[in-house]
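Subject: The structure I promised you

Hi,

My notes on it follow below, so please read them with the viewer at hand.

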Amino acid sequence: YYSNMAPAGVNRMRWDLTAEDILSRTDALIAETKAVYDAVGAIKPEEVTFENSLKAIADSDVEYSTFRNMLDFPQNVSADKVIRDTSTEADKKLSDFDVEISMRQDVYDVLVTLEKSEKSKSLSPEYKRYLEKLIKYGKRNGLHLPKEIQEEMKKIKKRQSDLCIDFNKNLNEENTVLEFKQEELVGLPDDFVDSLEKTDAGMYKMTLQYPHYFPCMKKARVPATRQKMEKAFQSRCLKENTPILEELVELRQKQATLLGYPTHSAFITEMRMSKTPEAVASFLKDLGDKMKPLGKEEMGIFLKYKKEECEKYGYENDNKINGWDFRYYMNIVEERQYTVDHQKLKEYFPMEVVTKGLLDIYQELLGLKFEKIENPAVWHEDVTLYDVVDVTSGTLLGQFYLDLFPREGKFSHAACFGLQPGCLLPDGSRQKSIAAMVANFTKPTADRPSLLLHQEVETFFHEFGHVMHQICAETDLAHFSGTNVERDFVEAPSQMLENWCWEKEPLRRMSKHYKDATDLPDNMIETLVKARNANTGVFNLRQILLSTFDQNIHTRAKANTAATFSELSEKILGVKATPGTNMPATFGHLAGGYDAQYYGYLWSEVYCMDMFYSRFRKEGIMNPAVGKDYRDKILKPGGSIDAADMLRNFLGREPQQEAFLLSKGLMIAM
């Protein structure tokens, strides 16, 4: 079952489970884990030791997180709807069980006893941190509060967990199809139009999935076509998800109040690098103020192009940039001012060349060797599996799966999923880390290989950065393994690696024309790099808008999401939300663990640019010594120390904002 290279038992994942297996294993996993917590909870205060309390929980955590991932991951990738639905059902059961475990008063009391005893003094730093965190989580779950408040909390959390699962399931199952005549699709590339399904009457069918929606918003010349698509896209799941989101806002505030926090955002940021909602609000406001002049200037350019376009093709000009104009004119600016032709560029990024180049760059930079496994046991024939070996010691660190093409019912974005945490097993030996990268790049056809847009190359680089974080982290405890770092730092290591997609040498190594294997011409690289800051004002203002919206609804007791979003959109971005839509009902992050923390993308970019400019830019972007430092000081600790300390160790000083502002095209005195 395992490849001949990996010793038996390195990879404990199994992808051949039937629906019955998934359900029976879910019940068994819950029963086994519950038995451990029951035993810990029953210890008398005078009999509490490290082994019978904290170590028992840590050991159970390895098994639980490993097998939980195996049971709830298939909902994202299985080709079989029955397996996907069963895995979703398992996820709900396990999430309910997580809530139950998090509310174990008896276990909390035992841990408090351990912390207060002499025995806690001799704990390793990582175990000490674990104990502190578990007690902190207990308090954040109200375990120091009276029973009746705890009961209410339990109900609130269960309800939240179910609502979040439904919110995202509604989005994943969303399958609207719009029909267009050929003349309504003018401006779209031929290969795109040819790939669309047709109705019997010869109409072209477009879905609201990314591979249809984004090309349409960027290239469809007919405003009515974009308007129809944008309205449908921003109205996805409007009826189902708006009430879900608004109920979530109320439940989150209710929970914060019960715990003695002023707002949900205060509750969330306490555990982040940011520490307070005020710090986030001032970060977003400052950045917004710095970006606004840039955004205004760019909007002026959009309007100029819109006027030309309307005169040229005889469309009516309302003199404003609407939701359906936004990406179209962003694209025109890129094409005209920076002459980046993304369709032409794409021909230099065939999937196989990109993959090989990307894997080579990561191997060289981090001192690793990736070995492809023949005939791996996987969930779909498109999926590949690699071993990751440390070059210096020859040690196997872990494995990763690549699942890169769309299919029916599959997770629709790009993401890295940690599957098997790299940490110590109960007997002290090391469990290897296993992760999967899931994406939706265009599938190869008979006459063209899979060709990636530069933006997709960047996505590939970004998500693969998370894979490396999962695999290079070497912690003792599953709880701190991989990307288990502060949520407003977790994107920094991956965002930093996106910089390689804008540098000449790495771009060279990841590209070859798919027909004749010619190199990507210098002038194309130069225009591409220049274009990195195209539309940087409006792009970042949009991120600030989404982050501000998220903070706004999570610092109040009730929210009218459509009205709030519309008002903020006009104020921050200068674009009115399309009437009758509610973008927040499609904003999966708000029900996917990013509530009150969407700002983390921008926040962590401050650190990523600081790391990139002050070390890699200075000492060489392919410099293996800096790469090793990065692997040792940023990736290796996982979450076993604070992100602020990792940054200081790597930078040799306190982090600064200058590089970030500079990277956004803002002129500042360095």
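When I say that two residues are in contact, I mean that they have heavy atoms within 4.5 Å. Please also keep in mind that this is a predicted model.

With that in hand, have a look at Phe-464. Leaving aside its neighbours within four places in sequence, Phe-464 is in contact with Leu-358, Leu-359, Tyr-362, Phe-370, Phe-400, Leu-402 and Met-437. Phe-464 belongs to the largest nonpolar core, which has 127 residues. Phe-464 is also among the residues with the most contacts inside that core, a list that includes Phe-370, Phe-400, Trp-500 and Tyr-630. Helix H23 (residues 600-619) gives the most to this core, contributing 10 residues. There is a second, separate core of 61 residues, and among its members are Trp-15, Ala-19, Val-48 and Leu-259. As general background, nonpolar side chains tend to be buried together in soluble globular proteins.

Next, the sheet. Five strands form an open sheet in the order S3-S4-S5-S9-S6, and their pairing is mixed. At the edges are strand S3 (368-372) and strand S6 (415-420), each of which pairs on one side only. On average, and ignoring direction, neighbouring strands of this sheet are turned by 25 degrees against each other. Inside the sheet, strand S5 (residues 396-403) pairs with strand S9 (residues 433-438) in the parallel sense, over six bridges.

Cys-164 is buried, with a relative accessible area of 16%. The sulfur of Cys-608 has its closest cysteine sulfur in Cys-501, 12 Å away, which is also too far for a bond. Cys-608 counts as buried too, at 0% relative accessibility.

- Ser-161 sits in helix H7 (residues 147-173). Its relative accessibility is 16%, so it counts as buried. Beyond its neighbours within four places in sequence, Ser-161 is in contact with Ser-95 and Asp-96.
- Tyr-315 lies in the loop between helix H13 (277-313) and helix H14 (323-337). Tyr-315 counts as partly exposed, at 23% relative accessibility. Not counting residues up to four places away in sequence, Tyr-315 touches Arg-221, Val-222, Pro-223, Glu-309 and Cys-310. Between the C-alpha atoms of Tyr-315 and Ile-22 there are 56 Å, and the two are 293 residues apart along the chain.

Happy browsing, and write back whenever you like.

Best wishes

How values were computed: Residues are numbered from 1 along each chain as its sequence is written. This is a predicted model: local features need pLDDT of at least 70, side-chain atom pairs count only at pLDDT 80 or more; totals for chains, interfaces and linings use all residues. Side-chain values use heavy atoms; hydrogens and water are left out. Two strands pair if DSSP finds at least two bridges between them. Helices (H or I, at least four residues) and strands (E, at least two) are DSSP runs, numbered from the N terminus. Axes are lines fitted to C-alpha atoms, for helices over the stretch in contact, and angles run from 0 to 180 degrees between N-to-C directions. Buried means under 20% relative accessible area, exposed over 50%, partly exposed in between (1.4 Å probe, protein chains only). A disulfide is a pair of cysteine sulfur atoms within 2.5 Å. A nonpolar core is a set of buried Ala, Val, Leu, Ile, Met, Phe, Trp, Tyr and Cys residues joined through side-chain atoms within 4.5 Å.
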